[in-house]
Amino acid sequence: MHIPKFPLPSRPEIEIQFRMPTVADAMAFCDISDTYEERTTTSYLNQMQEGEINDSQLWTAQDRRTALWWIFSSSRIDCVVTYSYKCAFCGEEHYYDLDLRELDQYATLLDREPYIEGVEIPVNGEIYEWRFVPLNGIAMENLEIMRALLPEDRNSKEYKDAAANVRLWEYIYQTELFHDIDPDFQAKANRRYDLIKSMSIDTEFKQLIARIKTARDLLVHGLEIEFDQGVPRLVSPPHYCTKADKEEADRPSTRLLIPFRNHEFFPDL
Ligand SMILES: [Zn+2]
């Protein structure tokens with residue numbers, strides 16, 4: 001078996017050649033903690049490349065997830081997972097055998113630059129020029145560390161404050177300031193944090209969030225994934241109700257949301 005070249009969904013002109021996972025890879029990645037799966041994803045995707053390494057920490061979160069699925073579905077003989085769900089049309093339990101390879105019909109390559117630029121939004125009345133970008137591997141690793149450090153008591157004020165801070169960072173990591181060309185990723189992000197915290201909430205900040213969301217829609221790439229309270233879920237191809245007495249195309253269909261956790265796509269023994 002051989003893994004076909006993987007075009008990075010956010011920059012399809014770049015093609016990555018992965019090698020087949022070995023027993024040694026499975027041993028190296030089998031007992032990873034799922035708390036730090038983004039960090040492990042970076043090492044895994046770098047280690048699996050043939051030839052010159054294109055650092056996966058700089059890929060978008062979608063590139064990374066799609067790459068995990070690409071290696072998984074090109075290297076496994078059996079990619080079928082079975083789901084059961086209660087059908088919203090007939091009320092019965094249906095079983096759906098999903099071949100993960102089918103998801104490639106729903107994966108997309110970006111046909112524009114992987115950022116939106118030239119957006120002017122004021123901070124404290126002063127105009128700044130913003131760029132919007134997808135979350136990258138560095139951001140994903142940092143967000144995962146912040147989530148791991150959240151206080152345990154979910155009802156405490158400390159937890160709520162810290163969780164709000166993580167949500168803010170998730171936005172900050174999707175922005176860039178056009179004039180700030182410091183190569184230090186986190187130093188730049190810290191400056192944006194201070195700046196964004198000083199925005200007026202109802203006007204400037206709301207405008208920023210709206211533009212981040214628009215940018216996200218314009219920059220869709222990779223596997224089709226939806227977020228359910230911050231948790232990524234793969235959108236399944238439509239599954240047709242088996243009860244209805246009609247041709248398949250005329251039957252009502254369901255698209256299931258399947259939890260996507262990076263660590264489930266690592267090789268195991
Ligand atoms: Zn049904």
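Trainee: What should I know about the source?
Mentor: This is a predicted model; local features need pLDDT of at least 70, side-chain atom pairs count only at pLDDT 80 or more, and totals for chains, interfaces and linings use all residues. Residues are numbered from 1 along each chain as its sequence is written, and side-chain values use heavy atoms, with hydrogens and water left out.

Trainee: Where does Glu 129 sit?
Mentor: In strand β6, residues 126-132. Helices (H or I, at least four residues) and strands (E, at least two) are DSSP runs, numbered from the N terminus.

Trainee: Which residues does Glu 129 contact?
Mentor: Leaving aside neighbours within four places in sequence, Glu 129 touches Gly 118, Val 119, Glu 176, Leu 177 and Phe 178. Contact means heavy atoms within 4.5 Å.

Trainee: Which sheet has β6 in it?
Mentor: An open one of three strands, in the order β5-β6-β7, with antiparallel pairing. Two strands pair if DSSP finds at least two bridges between them.

Trainee: Why does β5 have a side without a neighbour?
Mentor: β5 (116-123) and β7 (175-177) stand at the edges, each with a single partner strand, so one side of each has no neighbour in the sheet.

Trainee: How many bridges join β6 to β7?
Mentor: Three. Trp 130 is opposite Leu 177 in β7.

Trainee: And the other sheet, what's its strand order?
Mentor: β8-β9-β12, three strands, open and antiparallel. Four bridges join β8 to β9 (residues 231-235). Phe 227 faces Pro 232 in β9.

Trainee: Switching to helices. How do α2 and α3 cross?
Mentor: The axes of α2 (residues 37-47) and α3 (residues 61-75) come within 11 Å and cross at roughly 55°. Axes are lines fitted to C-alpha atoms, for helices over the stretch in contact, and angles run from 0 to 180 degrees between N-to-C directions.

Trainee: Which residues meet there?
Mentor: From α2, Glu 38, Thr 41, Thr 42, Tyr 44 and Leu 45; from α3, Arg 64, Ala 67, Leu 68 and Ile 71.
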